[in-house]
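Thanks for coming, everyone. Please put the model up on the screen and keep the sequence beside it.

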Amino acid sequence: MKNYAIVGFGCAGYHAARAIRRADPEGRIAVFSDTGQPPFNPMLTTYYASDRLSLDGVFPFGSLEKAEKELDLELHTQSRVLRVEAGERAVTTEANSEKFDAVLIATGARALVPGPLRQGDGEFFLMRTLDDAQRLRDHLERHPLRRAVVVGASMVGIKVAELLCRRGIETIIVDAAPYLFPLAAYRSTAEVIQGRLEKLGLKMVFNAQVAAIHPDGAVLSGGLLLEADLVCLCIGTKASVELVANTEVAEGQEIKIGRGIIVDETMETSAPGIYAAGDCCEGTNLQTGKTAIIGLWANAGAQGDCAGKNMAGISERYYGNILHNITHFFDMDFIGLGDPTLPGKHHLFQGKDFTVEAVLDGKDLKSVNIFGNYKISGILKNHLTKRLLGGQAQLTTAQQGLLAAEGMSRAFVELIGGDGSV
C-alpha cells in the first residue's frame, strides 16, 4: 500500500486527493492542514465579509467531514507542519516525522504585507483567509466608520472598496501603480473603468506609496496622512514556500524556488517524489514558456489533479495556462486575458454597453481586455489558449456566431481570429 502526503488542503490539495483516490482506492492519504477548515475559495471571502454569501457558500466541496469520508482521508489538523524533508520524502510536524512515497506541497499563498507597514503602530486589515473576512465583518458590525483607505488597486482591493462604499463609508483606493488593475488591464481600459467608479463616489490615488499605517490612517511616502477609521491592505499575495525553502534533495541540490516552487509539466519539483500545486508553485505560462505563478482557482484545481495522478502512477501532463483575471464589482465586470505587458498594436471595439480592447502582433493575438461583457470571455480565452498550444488558429464558425450574437462586429471578429464566415 502506497503512502501519500498532502500538505495544505485548499483547491489544489482537494483535487490531488480526489485524483489519488480514484487511481488508488487502497492507498493511504495523509492530509496536513493547520486551518481546521475545509477547502475554501479565497476570492469569495469578500462576499462573505459583505454578508452577500453565507459561510457554507465559501466551501465549494462541502464540509471537512464530508471530504474526509468520501475520499477516505487521514486528516492531521492539530499539529503544525514544520518542514518537508525532500531527500527523505518526509513530513516533519511538531509531533513527529514520517516518510512517504510521494508528497504534495499545496500550501497556497498569503496576503503580502511589506515590512515597513508591519512596523507601524496603526491597525490594519487583510482579505485573504476566512479569518480575515470574519475579522473585518465583526469590526464593521461593531464600529461606526466614516472613512476607509484600501491599499491596493487590485481585484481584491476593488471588492473590499465596494463593500465599504455600500455601507456608506467614504473610501479611497491608494496604489503605487499608475492605474487600476495594473497586472491585468491596459491603461486605456483602466481609465474608462476609473471614470465610472469616480462618478459613483469612489476616490482613487495612484502613483502613491503608503509608507506607514498610523492610528489615524495611512501615511504616504511624502508624509501626507490620509485620515481613515479603517485601513485594509490588498497589495497582493506571496507564495507560501517556507516548508521547502531551505530543504536539500538527496544529491545536495536545493528545491528550485523562484517566486514560488518551480514544477515541471507533471507538477513534480526538482526533488523526485515531491510535487507542488496551486498558488505556492510556478507552472508554465503558455505565452512566455517560462514558469510563473498563475493564481486562478481553476488553475489550482487542474494542477492538483495532475499532481495527484502522477503521484499515484498515472502519467499526466499539465501544459500550463495563460494569465486570466475576472472580477465583478459595483455592478460592472472586467476580464483580462493574456499578458497585458506583451508588445503589439491596440485595437478597440466599442459595443452598445461594453468595450473589447485587443493587442495583436501582426495577426497574432496577444491579450484582451473586456469591460462589461463577461459572456464572451470563455470563447476568447479558449481561442487564445488553443493558438498557444498549436491548435486551430481561427475561431470556429460557432464561436464567431456567438460573438456576433453578443454584439461584436464582423470586422472585429475577423481581426481577432475569425474567417468572415459569420
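First, the ground rules. This is a predicted model, so local features need pLDDT of at least 70 and side-chain atom pairs count only at pLDDT 80 or more, while totals for chains, interfaces and linings use all residues. Residues are numbered from 1 along each chain as its sequence is written, and side-chain values use heavy atoms, with hydrogens and water left out.

Now the cavities. A cavity here is a set of points, on a 1 Å grid over the protein atoms alone, where a 1.4 Å probe fits but cannot get out; lining residues have an atom within 4 Å of a point. Points are joined across faces, edges and corners, and a volume is the space filled by probe spheres set on them.

How many cavities of 30 Å³ or more are there? The structure has 2. Strand S20 (281-284) and helix H8 (297-311) each give at least two lining residues. Helices (H or I, at least four residues) and strands (E, at least two) are DSSP runs, numbered from the N terminus. By class, this lining has 5 nonpolar, 6 polar and 2 charged residues. Nonpolar means Ala, Val, Leu, Ile, Met, Phe, Trp, Tyr, Cys and Pro; charged means Asp, Glu, Lys and Arg; the others, Gly among them, are polar.

The second largest cavity is about 30 Å³. Its lining is Thr46, Ser50, Arg52, Lys159, Glu162 and Leu163. Helix H6 (residues 155-165) gives the most, 3 residues. Count 1 nonpolar, 2 polar and 3 charged.

Back to S20. It sits in an open sheet of 3 strands, order S18-S20-S21, with mixed pairing. The edges are S18 (261-262) and S21 (291-292), each pairing on one side only. Strands pair if DSSP finds at least two bridges between them. S20 and S21 run antiparallel over 2 bridges. Thr284 stands opposite Thr291 in S21.

Last, helix H9 (residues 377-388). Gly390 follows H9, with a positive phi near 85°.

Notes:
On a 1 Å grid over the protein atoms alone, a cavity is a set of points where a 1.4 Å probe fits but cannot get out, and a pocket is an open set with protein on both sides within 12 Å along at least five of seven lines; lining residues have an atom within 4 Å of a point.
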